[in-house]
Amino acid sequence: MRTEEKIPILAVVGPTASGKTALGVELAKYYHGEVVSADSMQIYQGMDIATAKPTPEEMQGIPHHLISVLPRDTLFSVADYVKLAEEKITQIVQREKLPILVGGTGLYIASLLDHVQFAETKQDAALRKELTNYAETNGAAALHSRLAALDPEAAASIHPNNIVRVVRALEVTMLSGKPFSVQKAESHLIPSPYCSCIIGLDYADRAVLYERINRRVDQMVQNGLVEESYAVWKTHPQQTAANAIGYKELIPYFNGDCDLETCIDKLKQETRRYAKRQLTWLRKRNDVMWIKLYEINNNKEILEKCKKIIAKRQFLCYNRIGLFEKTEK
């Protein structure tokens, strides 16, 4: 497929608390776009505070898709996400709007933009639970060793502490009889139908990002995080949604094993670590155009930087169909 025939997608990526939501809205207003969330937890219903879902005020009238569309007890894979996102993107383009992908779940973003093809692989909840319990009993390293024995290449590419990914790789390999790494390689054989421009947000001073994270957690607590987390934990304690950052750190408090202040400090620490992992993952892509932010952000200046990046990348090749004409505010 020639570049001029591809579907244009603008993406805003970066670590948690970096300002992706606000920038996505500004870009949507300027380029006549609609936002498609790329967040693995915002897709669940009833998980608003911990996942930092944009409020109606923050959306400013811009349509946001794939937010609060699934019950908390729904199993949801990256393949499921790609299917839903592709449907939304098709609809957005049919409305002559620009799809703007916003989020920090790197696997979702890469799988969509790179047009990863997912094999029809069976899922086995019992096997998944067995593997997860094995990790809890014997440690993440022991589970990772089982993957290394079956698929060394997959094990080399997945961090031992990423239990969810290790479990999935083992599940796919064990159920299909074909190594996960082989299936992953086969999934990249079909070229992407998308022409993407990816803008990444980061802070020149990492301490500023971490302080933003700490303040965000404090604000979440004030907004009712503890109550929301308790409801999620009480109703679906074993589901993926209940084990998201912002919920699992408070479980010791709910069980009476730890005081709330200690759990909140742990939440801040885990969120900072998550932000670091997000950046590490995203930096593996050489097509992300990074904008370094500072303590005081000028949204207008950030938008201007984005416009220059988009112009330099000649991303506005989509004007071939007369869409998304720029309008000065």
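Author: In α5, the buried residues are L127, R128, L131 and A135. Bear in mind that this is a predicted model.

Reader: What makes the buried residues of α5 line one face of the helix?

Author: Look down the axis of α5: its buried residues fall within an arc of 105°, so they share one face. As a rule, an α-helix has 3.6 residues a turn, so residues three or four places apart point the same way.

Reader: Which residues of α5 are called exposed, and where are they?

Author: A126, K129, E136 and T137, on the other side of α5.

Reader: What do the buried residues of α5 pack against?

Author: They pack against α6 (140-150) and α8 (163-176). Contact here takes heavy atoms within 4.5 Å.

Reader: How do you know that the span of α5 is close to the expected one?

Author: Its 14 residues, 125-138, reach 20 Å from first C-alpha to last, and at 1.5 Å a residue you'd expect 20 Å.

Reader: What makes β2 and β3 a pair?

Author: Pairing takes at least two bridges, and β2 (residues 33-37) and β3 have two, in the parallel sense. So they pass the cut-off. In β3, H64 is the bridge partner of V35.

Terms used: Residues numbered from 1 in each chain as written. Predicted model: local features only at pLDDT ≥ 70, side-chain atom pairs only at ≥ 80, totals over all residues. Heavy atoms only, no water. Helix = DSSP H or I, 4+ residues; strand = E, 2+ residues; numbered from the N terminus. Expected span 1.5 Å × (residues − 1). Buried < 20%, exposed > 50% of the residue type's maximum accessible area, 1.4 Å probe, protein only. Arc of directions from axis to C-beta.
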